[in-house]
Amino acid sequence: MRPYILAENHWRTVEETPYEVAILPWGATEAHNYHLPYGTDVFEAEAVAAEAARIAWESGAKVTVLPCIPFGVNTGQFDVKLDINMNPSTQLAVLRDIVEVLNRQGIHKLIILNSHGGNDFKTMIRELGLAYPKMFLCQCHWFRALDQKQYFENKDDHAGEMETSVIMHLRPELVRPLSEAGDGAAKSFRMKGIQEGWAWAERTWLKVTKDTGVGDPRKASAEKGERFFKDVTEKVAEFVREVAEVDRDDLYA
Ligand SMILES: [Zn+2]
């Protein structure tokens, strides 16, 4: 039983623990090239949340990890078999219900730990922040917490070298041989503004990639995954600690 994982605890313990911050891991259920499982984003979100919470808990932060939400925004992957889309408006409804519980019970800090590129909770945080002024709401894209170039040769957007390495480390039994993986080659938008990142439009996934991956996974290894996972969870844990410690009414320096 890990005291920082809500699902593994019992009512008496939960009643007695003065939690300061909740972490909500949020994943997606979707194809990840030919070699990674559909649950990749869920496994990552759960594992990063649990390890970051463990480190933070052991340094005194009263943190609880909520069960992972397994469905993400997959509006662009509508034709990929069994990619389960959860619309942003549904995500807002789910988030509102969770925030309502936390707010009512005086757990006034929530970190949404996001694992999926299509998920973005920023506008929802703005809207819910207005409705629940006592709550400190934030999102954390753990996969952006470190410079991936220090760990991997090829850039990863989806099911590439980083994700493959991390899942080889976390769930090696679920990874197909890399010889079966596609190269993750992907097309870009023709418009320069979108290529440069200051304009944005959604990609229709199967028009961009043949194997559903974006990013070459073939240089991935469990060793690279282990090193990245260790460093990234320490960095996320530091953020969890900071959120736990900060005075809700004195956030700015
Ligand atoms: Zn993924």
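**Terms and their grounds**

Modeller: The second largest pocket has 13 lining residues, and V14, Y19, L102, Q105 and I107 are those nearest its centre. Its lining draws two or more residues from each of α1 (11-16) and α3 (88-104). This is a predicted model, in which local features need pLDDT of at least 70, side-chain atom pairs count only at pLDDT 80 or more, and totals for chains, interfaces and linings use all residues. Residues are numbered from 1 along each chain as its sequence is written, and side-chain values use heavy atoms, with hydrogens and water left out.

Biologist: What makes a residue part of the lining of a pocket?

Modeller: It has an atom within 4 Å of a point of the pocket, which is an open set on a 1 Å grid over the protein atoms alone, with protein on both sides within 12 Å along at least five of seven lines. The volume of the second largest pocket is about 260 Å³, where volume is the space filled by probe spheres set on the points.

Biologist: How many residues of each class line the second largest pocket?

Modeller: There are 9 nonpolar, 3 polar and 1 charged. Nonpolar covers Ala, Val, Leu, Ile, Met, Phe, Trp, Tyr, Cys and Pro; charged covers Asp, Glu, Lys and Arg; the others, Gly among them, are polar.

Biologist: At what angle do helices α2 and α8 cross?

Modeller: The axes of α2 (residues 40-58) and α8 (residues 222-245) cross at roughly 60° and come within 8 Å. That makes α2 oblique to α8, because angles under 35 degrees count as roughly parallel, over 145 as roughly antiparallel, 65 to 115 as roughly perpendicular and the rest as oblique. The crossing is right-handed, the term for a near helix turned clockwise from the far one by less than a right angle, anticlockwise being left-handed.

Biologist: Which residues of α2 are in contact with α8?

Modeller: A47, V48, E51, A52, I55 and A56 of α2 meet residues of α8 including F229 and R241; contact means heavy atoms within 4.5 Å.

Biologist: What is the relation of α2 to α5?

Modeller: Their axes cross at roughly 65° and come within 11 Å. That makes α2 roughly perpendicular to α5. This crossing is left-handed. T40, D41, F43, E44 and A47 of α2 make the contact with E163, V166, I167 and L170 of α5.

Biologist: And what makes α3 oblique to α4?

Modeller: α3 packs against α4 (residues 122-131) at about 40°, with the axes 10 Å apart. That angle makes the pair oblique.

How values were computed
Axes fitted to C-alpha atoms, helices over the stretch in contact; angles between N-to-C directions. Helix = DSSP H or I, 4+ residues; strand = E, 2+ residues; numbered from the N terminus. 1 Å grid on protein atoms, 1.4 Å probe; cavity = no way out; pocket = protein on both sides within 12 Å on 5 of 7 lines; lining within 4 Å.
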